[in-house]
Amino acid sequence: MQKILVLLVLVCALIVSTHAQLKEQISPMSSMTPKQDIICYGKPEDQFTIIEPPLAYQQWKTNKSARTGSSTFEVEYVNFPEDAKAAFQKAVDIWATLIESEVTIKIRAQWGVITNANGSSDGILGGASPATYIRDFAGAQQRRTWYPVALAEKM
């Protein structure tokens with residue numbers, strides 16, 4: 001009986017010690033910057049695909065008071081040619097009619113050559129990533145889970 005009691009005390013001490021070590025390893029809030037963008041690949045030939053803008057955008061274009069979404073976008077354009085900037089801004093305008101957010105959505109759009117992990121730019125259409133990822137913050141739905149900063153702020 002005495003051996004079982006000693007064993008039980010040792011197991012409890014080990015569990016408490018392990019828990020304390022794990023708690024020290026996880027800071028109350030951590031962040032990291034992504035190492036590489038999420039890359040979108042394209043095909044060099046025309047795919048003859050047209051996706052019409054959503055109805056909400058079309059209504060907003062004809063009547064500015066018909067806007068259904070309520071979001072504000074701030075776009076910082078870096079090295080964008082004017083024609084590409086106009087196309088990107090049209091996409092932003094479409095998003096603004098569909099997304100509802102009280103928080104200003106900030107985008108840094110940078111024009112340039114993107115390379116993959118092998119250093120090749122072949123077939124790359126574009127790339128994107130959050131500015132940072134955050135974990136273990138107040139309101140996080142799961143511990144030890146990295147959330148893009150916009151989602152973390154929304155939580």
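Close-up 1. Together with W95 and I99, L98 forms a nonpolar patch on the surface, with about 260 Å² of accessible area in total. Patch members need over 30% relative accessible area and no salt bridge, with nonpolar side chains (Val, Leu, Ile, Met, Phe, Trp, Tyr) joined within 5 Å and like charges within 9 Å. A salt bridge here is a side-chain nitrogen of Lys or Arg within 4 Å of a carboxyl oxygen of Asp or Glu. Areas are Shrake-Rupley values with a 1.4 Å probe, and for residues only the protein chains shown count as cover.

This is a predicted model, so local features need pLDDT of at least 70 and side-chain atom pairs pLDDT 80 or more, while totals for chains, interfaces and linings use all residues. Residues are numbered from 1 along each chain as its sequence is written, and side-chain values use heavy atoms, with hydrogens and water left out.

**Close-up 2. The buried face of α2.** Helix α2 (residues 55-62) has A56, Y57 and W60 as its buried residues. Down the helix axis they fall within an arc of 95 degrees, so they line one face; the arc is taken from the directions from the axis to the C-beta atoms. On the other side, L55 and T62 are exposed. The cover over the buried residues includes α3 (82-98).

**Close-up 3. D136 in the β6-β7 loop.** D136 is found in the loop between β6 and β7 and is buried, at 10% relative accessible area. Its side chain makes a polar contact with the side chain of R135 (3.0 Å). Such a contact is a pair of N or O atoms within 3.5 Å; within protein, one must be able to donate a hydrogen and the other to accept it, and residues adjacent in sequence count only if both atoms are side-chain atoms. The backbone nitrogen of R144 also lies 2.7 Å from a polar atom of the D136 side chain.

**Close-up 4. Q141 out in the open.** Q141 is exposed, with 65% relative accessible area. Not counting residues up to four places away in sequence, Q141 touches Y147 and M155, contact meaning heavy atoms within 4.5 Å.

Notes. Buried < 20%, exposed > 50% of the residue type's maximum accessible area, 1.4 Å probe, protein only. Helix = DSSP H or I, 4+ residues; strand = E, 2+ residues; numbered from the N terminus.
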